[in-house]
Amino acid sequence: METLEKIKQQIAENPILIYMKGSPKLPSCGFSAQASQALMSCGEPFAYVDILQNPDIRAELPAYANWPTFPQLWVEGELVGGCDIVLEMFQQGELQPLIKEAAARAKASKGEEQDSAE
């Protein structure tokens with residue numbers, strides 16, 4: 001699969017996704033640590049991609065996103081931003097409802113899929 005296709009698929013399949021250095025439990029840079037901590041504080045499950053383990057994504061994503069740095073938070077297919085934006089939104093109380101609503105919509109759509117599968 002082409003790297004760009006892989007990125008698009010990851011963004012489409014994960015309503016809350018952070019591209020970061022390391023993992024939320026073991027971040028490899030301070031910016032990734034701060035952004036993932038803010039995200040974890042919202043109390044909803046989210047996906048992550050460790051760009052250090054995926055150099056192809058690390059190389060391609062900045063051009064696709066038109067955002068040069070990591071981490072990058074994507075919610076429902078839209079780039080929210082990097083560490084500074086995530087932290088500012090968290091401190092102003094804007095991140096929590098965004099994440100909670102995205103998680104609720106994801107749960108609702110999964111429920112619909114399960115209902116229609118019967």
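Is W74 buried or exposed in this structure? In this predicted model, W74 is buried, and its relative accessible area is 5%. The residue belongs to strand β3, which covers residues 72-75.

Unlike a residue under the 20% limit for burial, Y64 is partly exposed, with a relative accessible area of 35%. The count of aromatic pairs comes to one. In that pair, the ring centres of Y64 and W74 lie 6.0 Å apart and their planes meet at 20°; because planes under 30 degrees apart count as stacked, the pair is stacked.

Helix α4, formed by residues 83-91, may be considered next. Its buried residues are C83, V86 and M89. Viewed down the axis of α4, these buried residues fall within an arc of 140°, and they therefore line one face of the helix. D84 and Q91, on the other side of α4, are exposed. After the helix comes G93, whose phi is positive, near 75°.

Two further residues, S23 and D50, each have a side chain that reaches a backbone nitrogen. S23 is situated in the loop that runs between β1 (16-20) and α2 (30-41). Its relative accessibility is 16%, and because burial means a value under 20%, S23 counts as buried. From this position, the side chain of S23 reaches the backbone nitrogen of L26 at 3.0 Å.

D50 is placed in strand β2, which comprises residues 47-50. With a relative accessibility of 16%, D50 likewise counts as buried. A polar atom of the D50 side chain lies 2.9 Å from the backbone nitrogen of L52. When neighbours within four places in sequence are set aside, D50 is in contact with M20, K21 and G22. Of these, M20 falls within the residue range of β1 (16-20). V75 stands 25 residues from D50 along the chain, and the C-alpha atoms of D50 and V75 are separated by 17 Å.

Definitions and conventions:
Residues numbered from 1 in each chain as written. Predicted model: local features only at pLDDT ≥ 70, side-chain atom pairs only at ≥ 80, totals over all residues. Heavy atoms only, no water. Phe/Tyr/Trp six-rings, centres within 6.5 Å; stacked < 30°, edge-to-face > 60°. Helix = DSSP H or I, 4+ residues; strand = E, 2+ residues; numbered from the N terminus. Buried < 20%, exposed > 50% of the residue type's maximum accessible area, 1.4 Å probe, protein only. Arc of directions from axis to C-beta. Polar contact = N/O pair within 3.5 Å; in protein donor to acceptor, adjacent residues only side chain to side chain. Contact = heavy atoms within 4.5 Å.
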